[in-house]
Amino acid sequence: MNKQTIRERLLASTMIGGAAMMALSAVPAFAADEPAQVKEVVITGSRIPQPGLTSTSPLSVINDQEVKLQGTTNAENLVNSLPQVFATYGSSVSNGSTGTATVDLRGLGTRRTLVLIDGKRLMPGDPALPVADLNQIPATLIDRVELVTGGASAVYGSDAISGVVNFIMKKDFEGLRIDSQYGFYQHNNDDSASQAANKAHGFALPGSNVTDGATWDFTAVLGASSPDGKGNVTAYAGYRNTQAVTENKRDFSSCSFSAVNNNPLICAGSSTSFPGRFTAVTLAKQPSKTIADSSGNLSPYTSAANSFNFAPYNYFQRPDERYTAGAFAHYQVKPWLDAYSSFMFMDDHTVAQIAPSGAFFGSIFNVNCDNPLLSAAEVTQWCTSQGLGGTQNSPMFIGRRNVEGGPRQDDLRHDSYRFVLGAKGDFADAWTYDIFGQYGTTVYSENYLHDLSKVKIQRALQVVNVAGTPTCKSVVDGSDPACVPWNIFKLGGITQAAVNYLDTPGFKEGSVSEQIVSGSVSGDLGKYGMKSPWAKDGVGVALGAEYRREALDYRTDVEFGTGDLAGSGGPTPSTHGSYDVKEIFGELRVPVIQDMPMFKELSLEAGYRTSDYSSSGHINSYKVSGDWQLMDDVRFRGSFQRAVRAPNISELFTPQAVGLFGGQDPCAGGAPTASLAACQNMGVTAGQYGSIIQCPAAQCNGLFGGNPSLKPEESDTKSFGVVFTPTFIKGFSATVDYFDIDVKGAIGPLSAATTLASCVSTGNPLFCNRVHRAPTTGVIFGGPAGFVAAGNVNAGFLATKGTDLEMNYRTNLSDWGMGDMGGLHFNLVGTYTKTLDTQASPTAPVVHCAEKFGPQCGTPTPKWRHKLRTTWTTPWHMALSADWRYIGESTATVGGPNMVNHKIAAYNYFDLSGTWNFKDGMQLRAGVNNVFDKTPPILDSSNLGLSSPPFGNGNTFPQVYDALGRTIFIGITADF
């Protein structure tokens, strides 16, 4: 059995000592009314043991029963259920996926959320995105999750700007536990608007009733204690398998939607199409052409008729296979020496799939006019009409999908290892210590399959007649004897040999590691008489020092490194680097008044940390807080915290390279949205105005990269709250907390979309000079000449304000005259986000993202979001639970109010689940999430914010809304 400690029992309750904790405990224990034992404990957010569970910062707790009732098998879905958590990378991201799962508190970014396991850092999970990967945490092994929302750098160091997520794992287990769960999605495809849009284009519709996306999870836990009861070893092994879901399995994602004014949704797609889009560069003002037949005749290209529907290929849910294993051990050698260690391993393999590659429209390819593959009509259109002929080349924009080669697949694997070895204990009556060493590393490999080489495409389009046989020029001159002509100029003209020649894989590999040596002591100075004359408890103190080293090695092959892959959006340079930091920290807690009229307790806290980074210099963080309990019924609390985040290795040392960002060129198209004067400020000539081609698929070029001169960013967090535990309402508690977080000198790219918008609105050269246009065409896509500079700077500002609310009510039904019918537990957790503002630089406009979504704001940020769980614990060894999840409305940041689905209405989801202890040591669980199969909001794809996390996918935001329909699960836990 699991030997639960005093601390763990305390943390499972919301009713002890007026604790301001959001313990989402779904199955309460209805024990006798005797007071619970109170012991000094350490909670997330402080290193000083404290009596009871008091916290001066907003603190939320999810326990293991919530894991079972949600039916989740991954940690990111568990924490995403809280309204303080914003969606980011997860299993629903395919285009641009890193294969990781991350967490974002308060919407300030994953890099500003610190993740801990048992109070110690979880190392980065990917060299391309060096933040913690929640895939490393097996959900079945989670005992609880503690979340501190707000700055916590004085206690934990860098990254804890928006807060801390601390996963407490199951330990001290005895016996054998087998846990297994199976779940899948079920959805009724009945959205009439989506089906009408697909039918208008002749696209196939999915079946009316679909079941897919199955996940099977299995975990075994084995534990044993030493005969003397002083030690324990708990080991585990797990396996999880998740099946893929493609976007064509849902009617609302079967094509990429576009909305124009108040017209119905239409299927849009990509201008890199099949059988293709062709435009001679000098004829850019004229309509593009497409291939009409196998003879090479041409017909006008129109977006309505010829855009490529990429949705059927894209994964809505990635397939994933994960193995986990590990062990936790400790042994108390002496009262002053409790040695402990842990080891965690993960192997995660996933595949992200998107539509076929090709020659992407916007890139310029030269086609020789004497190419024998060209028809007479094509020679006339692209050569003769321009005064070209013979061996001369016609520079062309070509958009042609490699449908013959199949979809692109990004094969991602992460192997992580985490070791901790330490010792702790009591000494000198008043003191405790904890010293440990930690090493963690993640090894990463990525195989990108079925992309095309731009160099090979160009060679395959330079073709001459050799004895009646179309032959690549590179074969004739010997520069590439393997070249095979790519006949995209006639329907059915492409051979398998040409597909095989062009098919070019890309490979990345690397690792990221973290080494920590840390030691701390905490003491009760009251043992030495240091306490307030009005208090019974003494002054508490904690002191410590820590050394941490981060290293990153990210290697790309020549295809990625040069940007030769057609679908890569630009070069992906290799990155190498490391830094270390030496830190000293301390905390102080002073009980000022206790057990006096109007002062049940008044206490003050302070903390300070000084950090010396080899990469970015010296920085300090600190906190000042206090709480005042008037009586048993009411407690007030407040804090001010200065938190910091040092730039990570990727932000510091990544070489600059051109990549993609989501947005539109305001100076492109026949009727640009920006004036001629505004466009001239960003390099457009009068002759180019009105003839510049728009960025394909709303993806323009940005120049991204690191900056070794970056400094740590700083934030100030102010929080004020009140805790209600009214003695006149038995079983009720509530907390209300106001938060205010300002981040100064925020690290990040100066948003390319913001740069364009700011140049148009202000004409400020600071923004306009960052726009670099291709000299001939004026475009900002398709090659190295056209881009918007978007490198990392310390110029940003982030701010958010709001209020957290949590209420708990537990009652026995016998108290209401209903006999021995068990008890009810109600738990409400809600967050009101008053503001969420971003500013790219001091002179840039402030973007207000509260109640907004879109390219500048990412996923929706509703002003109000809540989760209400109601659980009935029956007298028949069974618990039944209902959960109401509410997501408030949001409005798009781009497009007018007449745009279809410019506004997302409020969403209500209802979940049902239950557990049944049908035999001693045997528990069955089952549930249905999104009981009414509510279809997610269906949006114009340009409003999904595709350029950076968090991503949209499938015309919606699957990390926010239940995009795939009902989730049905059943599981069993067996203890032996």
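Trainee: With the side chain of which residue does the side chain of Arg106 make a polar contact?

Mentor: This is a predicted model, in which local features need pLDDT of at least 70 and side-chain atom pairs count only at pLDDT 80 or more, while totals for chains, interfaces and linings use all residues. Numbering starts from 1 along each chain as its sequence is written, and side-chain values rest on heavy atoms, with hydrogens and water left out. A polar contact is a pair of N or O atoms within 3.5 Å; within protein, one must be able to donate a hydrogen and the other to accept it, and residues adjacent in sequence count only if both atoms are side-chain atoms. At 2.9 Å, the partner of Arg106 is Thr149.

Trainee: Is Arg106 buried or exposed, and at what relative accessibility?

Mentor: Arg106 sits in the loop between β6 (104-105) and β7 (113-117), where strands (E, at least two residues) and helices (H or I, at least four) are DSSP runs numbered from the N terminus. Its contacts (heavy atoms within 4.5 Å) beyond four places in sequence include Phe86, Phe739, Ile741 and Leu836. Buried means under 20% relative accessible area, exposed over 50% and partly exposed in between, with a 1.4 Å probe and protein chains only. Arg106 therefore counts as buried, at 2%.

Trainee: Which residue has its backbone oxygen 3.0 Å from a polar atom of the side chain of Asn232?

Mentor: Asn232 belongs to strand β13 (residues 231-242) and is counted as buried because its relative accessibility is 4%. The side chain of Asn232 also has a polar contact of 2.8 Å with the side chain of Thr234. The backbone oxygen in question is that of Phe173.

Trainee: About how much accessible area do Tyr417, Phe419, Tyr439 and Val443 have together as a nonpolar patch on the surface?

Mentor: Patches are made of residues with over 30% relative accessible area and no salt bridge, joining like charges within 9 Å and nonpolar side chains (Val, Leu, Ile, Met, Phe, Trp, Tyr) within 5 Å; a salt bridge is a side-chain nitrogen of Lys or Arg within 4 Å of a carboxyl oxygen of Asp or Glu. β26 (408-427) and β27 (431-452) each supply at least two residues of this patch; Val443, in β27, counts as partly exposed because its relative accessibility is 38%. Areas come from the Shrake-Rupley method with a 1.4 Å probe, and for residues only the protein chains shown count as cover. Together the four residues have about 330 Å².

Trainee: How many bridges join β27 to strand β30?

Mentor: Two strands pair if DSSP finds at least two bridges between them. β26 and β27 pair in the antiparallel sense over 19 bridges, with Gly422 opposite Phe436, and in their hairpin, which has three residues between the strands, Ala428 takes a positive phi near 55 degrees. β27 also runs antiparallel to β30 (residues 503-524), where Tyr439 has Gln515 as its bridge partner. The number of bridges between β27 and β30 is 20.

Trainee: Which residue of β37 stands opposite Phe661?

Mentor: Six bridges join β36 to β37 (residues 699-704), and the two run antiparallel. Opposite Phe661 stands Cys700.

Trainee: Which residue just after α14 takes a positive phi of about 70 degrees?

Mentor: Helix α14 (residues 752-762) has buried residues, among them Ala752, Leu756 and Cys759. The buried residues of α14 pack against elements including β36, β40 and β41 (787-789). The residue with the positive phi is Gly763.
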